[in-house]
Amino acid sequence: MSQFNTFLICTILFVISCESQSPLDEVPAEQRNISALVIYDGSPAVDGCGWLIHHDQNFHAPVNLDSAFMIDSLEVVLSYKFLESTWNCGWREPGYKEIEIVENRKAIV
């Protein structure tokens with residue numbers, strides 16, 4: 001019976017510790033619900049940079065921009081987190097900081 005109680009307690013603790021967390025929990029406050037602009041900077045095949053996010057005088061390269069948001073000059077509200085990588089495109093040096101979009105929606109204008 002003692003092993004069963006130990007198993008039961010461990011199982012309960014495991015289930016409690018695995019409570020679902022929102023992906024936004026990993027996003028710093030200054031990167032949540034920001035207004036930004038989706039920009040198409042030309043095809044990377046011909047030295048363009050593809051789809052970029054313009055926010056606060058900076059451009060970032062999203063690694064997971066949904067095709068529904070691939071509209072040049074589209075105003076969006078999004079939450080993102082910075083990745084360690086850089087998108088080197090065209091003649092741009094050092095490149096654009098890559099971001100992972102955690103949540104996005106079209107801005108209401």
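Trainee: How many aromatic pairs does the structure hold?

Mentor: It holds 3 aromatic pairs. This is a predicted model, where local features need pLDDT of at least 70, side-chain atom pairs count only at pLDDT 80 or more, and totals for chains, interfaces and linings use all residues. Residues are numbered from 1 along each chain as its sequence is written, and side-chain values use heavy atoms, with hydrogens and water left out.

Trainee: How do I read such a pair?

Mentor: Two things describe a pair of aromatic rings: the distance of the centres and the angle of the planes. Rings of Phe, Tyr and Trp (its six-membered ring) pair if their centres lie within 6.5 Å; planes under 30 degrees apart are stacked, over 60 edge-to-face, and the rest tilted. Take Tyr-40 and Trp-51: their ring centres are 4.7 Å apart and their planes stand at 50 degrees, so this pair is tilted. It links distant parts of the chain, with Tyr-40 in strand S1 (residues 34–40) and Trp-51 in strand S2 (residues 51–55), 11 residues apart. Another pair, Tyr-80 and Phe-82, is edge-to-face, at 5.4 Å centre to centre and 90 degrees between the planes.

Trainee: Is Tyr-80 buried or exposed?

Mentor: Start with the cut-offs: buried means under 20% relative accessible area, exposed over 50%, and partly exposed in between (1.4 Å probe, protein chains only). Tyr-80 is buried, at 5%. Of the 109 residues of the protein, 28% count as buried.

Trainee: How many helices and strands are there?

Mentor: Helices (H or I, at least four residues) and strands (E, at least two) are DSSP runs, numbered from the N terminus. Here there are 1 helix and 5 strands. Along the sequence the pattern reads α-β-β-β-β-β.

Trainee: In what order do the strands close into a barrel?

Mentor: Two strands pair if DSSP finds at least two bridges between them. The 5 strands close in the order S1-S2-S3-S5-S4, with mixed pairing. Look at S2 and strand S3 (residues 58–62): they run antiparallel, joined by 3 bridges. His-54 stands opposite Phe-59 in S3.

Trainee: Which side chains meet in a salt bridge?

Mentor: A salt bridge needs a side-chain nitrogen of Lys or Arg within 4 Å of a carboxyl oxygen of Asp or Glu. A search of the whole structure finds 1. Glu-100 and Lys-81 form it, at 4.0 Å from N to O. Glu-100 lies in strand S5 (residues 96–106) and Lys-81 in strand S4 (residues 74–87), so the pair ties together parts 19 residues apart in sequence. Glu-100 is partly exposed at 29%, while Lys-81 counts as buried at 18%.

Trainee: What should I look for in the loops?

Mentor: Most residues other than glycine have a negative phi. Gln-57 is not a glycine, yet its phi is positive, about 65 degrees. It lies in the loop between S2 and S3 and is exposed, at 69% relative accessibility.

Trainee: Where does Ser-73 lie?

Mentor: In the loop between S3 and S4. Ser-73 also has a positive phi, about 70 degrees, although it is not a glycine. Its relative accessible area is 46%, so Ser-73 is partly exposed.
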